[in-house]
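Student: I am new to this structure. Could you take me closely through its salt bridges, and then through the parts around them?

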Amino acid sequence: YKKIGMRIGIATGDLDKSDGWLGSCDVNILSNEKMDSLLRHKVPWTKEISLIIADEVHVIGDATRGPTLEIVLTQLAAMTKSQIIALSATIENADEIAAWLKAEIVKSDYRPVKLYKGVMYSDDDDYVVEVEGKKKYGIKSKLDNEIAACIDTVQKEKQSLVFVSTRRSAEACAEKVSLEMRKILKTEDKELLKTLAKKIESVLGSPTKQCKRLARSVEGGAAFHHAGLVAKQRELVESAFRSGLLKTIAATPTLAFGMNLPAYRVVIRDTKRFSSGYGSSYLPVMEVNQMMGRAGRPKYDKEGEALLLAKSKQDAKSLWERYINGESEQVYSKLGIESILRTHVLALISSEVVKNKTELRAFFQKTFFAHQYGDIDSLEAKIERILKELESFKFIIIGTKNDFISKEFVPAFQLTNEIDLKSTRIGKRVSELYIDPVSANFLLTVMSEEDNSVHNLMMICQCEEMFPTLSVKKNEYEDLENAIAIH
């Protein structure tokens, strides 16, 4: 839009900056967390907003990121006269979110490329592919199912995306596909891929083990993609995939959210995820639909194919019922999670969005949580507990207005018994730094003036944000315990 004189700003990441330059832009593209951070820093340009586009609005149902989006939309709706456009490709209770936003629902089934969903399973020595609305067909291969699907895609002169559950699996999958794909790559592609591999390996100056591993995979026309890659490496991988040079990307599910990397075929190998305390559980239908939605490249394909990989015919039937015939889950507010609520209550007080208990209650009455559950009675007890906790941490002061002003200069009729809420300097800083108040209190309690790196690392690792902690191999445990004992 530069051609028509529009100034575009983009800001993500650093949550302790107000990025004043954004105020001179016509359009700002921000992550939900960045917008929340800017509201905490009380940036002046928010009152000038006339249009808010909330992409992937179904994220409201996510326990980690949802409450931030909900608070941001509630706050912006209250402080601006903006039009709100909320977008989602996979949402079941759109009417409920529309009613909360006082919005009209605009539904469309239009898709520029027809999407076919199906399953792939082993039958004797071959693989069988069953796709809705199409005839069954076979893939002859002795390779693992995800590798067989990728090689078959390349032989069709198409590209594939493989979704697996972990970073380690993504790296291993890319390596295996790369080894097989080298055998069928064109000579001119091999030369271009060698050049790309060198660029990827040298991004950091001194290549890490991961840099070398990625470069080796890229030479064979496959790459892995996850949050552990350097931004420049992700950029090179995505660009090479869009150009058609890279044939396969193995990725974790996060790539499916908001990333415009379509492929002819999407292969979903892992439909279960392990989570600490819960064990292994099936992915939500909504999440699988997001991955499937990457299939079909506009301008290149007339159709796209999304395949769930099954271990057997019986397993294939089960996956078909769950993900192809199944409906997406409804979106529910996660604002009631106390650890998340605590952070946002402090933010609302420190940025002076609310100045007393009445205003705090009125704010939460405007949230999706209140709309969905009818009231905030279940939240009130938690909020009261949180206020006492924040006061005990000395992050806020609770009192009447009379406690905060000099009575000499205020007429008696202006004095009030309303319970006022005010943040302290340290409380405001904790909110601006985006730290969980419990973590901040812990850090302030145990912080030492000594420059002891082990002490500091141990201190940081006890914070709420670091949980769940990483598991330790048995042969490493004794070494770690000895290191801790020495220090």
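Tutor: A word of caution first. This is a predicted model.

Let us start with the salt bridges. How many salt bridges does a search of the whole structure find? The search finds 32. Side chains of opposite charge can pair when their charged atoms come close.

Look at Arg7 and Asp26. Their side chains meet in a salt bridge, at 3.3 Å from N to O. Arg7 lies in the segment before S1, while Asp26 lies in the loop between S1 and S2, so this pair ties together parts that are 19 residues apart in sequence. Is Arg7 buried, partly exposed or exposed? Arg7 counts as partly exposed because its relative accessibility is 47%. Asp26 is partly exposed too, with a relative accessible area of 42%.

Now go to Glu33. Its partner in a salt bridge is Arg65, and the closest N and O atoms are 2.8 Å apart. Where do the two residues sit? Glu33 lies in helix H1, residues 32–40. Arg65 lies in the loop between strand S3 (51–54) and helix H2 (66–79). So the pair ties together parts that are 32 residues apart in sequence. The two ends have their own accessibility values. Glu33 has a relative accessible area of 18%, which means that Glu33 is buried, since buried means under 20%. Arg65 has 35% relative accessibility and counts as partly exposed.

Lys183 counts as exposed because its relative accessibility is 61%. Glu180, at 22%, counts as partly exposed. Salt bridges can also share partners. Such bridges join Lys134, Asp152, Lys156, Arg265, Glu303 and Glu305 into one network.

Go back to S1 and S2 for a nonpolar part of the surface. A nonpolar surface patch of about 640 Å² is made by Tyr1, Ile4, Ile8, Ile10, Val27 and Ile29. Strand S1 (8–11) and strand S2 (27–30) each supply at least two residues of this patch. Take Ile10 as an example. Ile10 is found in strand S1. With a relative accessible area of 58%, Ile10 is exposed.

S5 (residues 114–123) and S6 (residues 126–131) pair in the antiparallel sense over six bridges. Asp123 has Asp126 in S6 as its bridge partner. The hairpin of S5 and S6 has two residues between the strands, and Asp124 there takes a positive phi near 60 degrees. S6 also pairs with strand S7 (residues 137–140), again in the antiparallel sense, over four bridges. Here Val128 stands opposite Gly138 in S7. The hairpin of S6 and S7 has five residues between the strands. In that hairpin, Gly133 takes a positive phi near 75 degrees.

Which helix holds Gln290? Gln290 is found in helix H9, residues 285–292. Its relative accessible area is 4%, so Gln290 is buried. The side chain of Gln290 makes a polar contact with the side chain of His58, at 3.0 Å. Leaving aside neighbours within four places in sequence, Gln290 is in contact with Glu56, His58, Thr90, Ala256 and Phe257.

Thr424 lies in the loop between strand S16 (419–423) and helix H16 (425–432). At 17% relative accessibility, Thr424 counts as buried. Which residues does Thr424 touch, leaving aside its neighbours within four places in sequence? Thr424 is in contact with Lys394, Phe395, Ile396 and Ile397. The side chain of Thr424 reaches the backbone oxygen of Lys394 at 2.8 Å. Now compare sequence and space. Thr424 and Arg40 are 384 residues apart along the chain, and their C-alpha atoms are separated by 14 Å.

Terms used:
Residues are numbered from 1 along each chain as its sequence is written. This is a predicted model: local features need pLDDT of at least 70, side-chain atom pairs count only at pLDDT 80 or more; totals for chains, interfaces and linings use all residues. Side-chain values use heavy atoms; hydrogens and water are left out. Patches are made of residues with over 30% relative accessible area and no salt bridge: like charges are joined within 9 Å, nonpolar side chains (Val, Leu, Ile, Met, Phe, Trp, Tyr) within 5 Å. Accessible areas come from the Shrake-Rupley method with a 1.4 Å probe; for residues, only the protein chains shown count as cover. A salt bridge is a side-chain nitrogen of Lys or Arg within 4 Å of a carboxyl oxygen of Asp or Glu. Buried means under 20% relative accessible area, exposed over 50%, partly exposed in between (1.4 Å probe, protein chains only). Contact means heavy atoms within 4.5 Å. A polar contact is a pair of N or O atoms within 3.5 Å; within protein, one must be able to donate a hydrogen and the other to accept it, and residues adjacent in sequence count only if both atoms are side-chain atoms. Two strands pair if DSSP finds at least two bridges between them.
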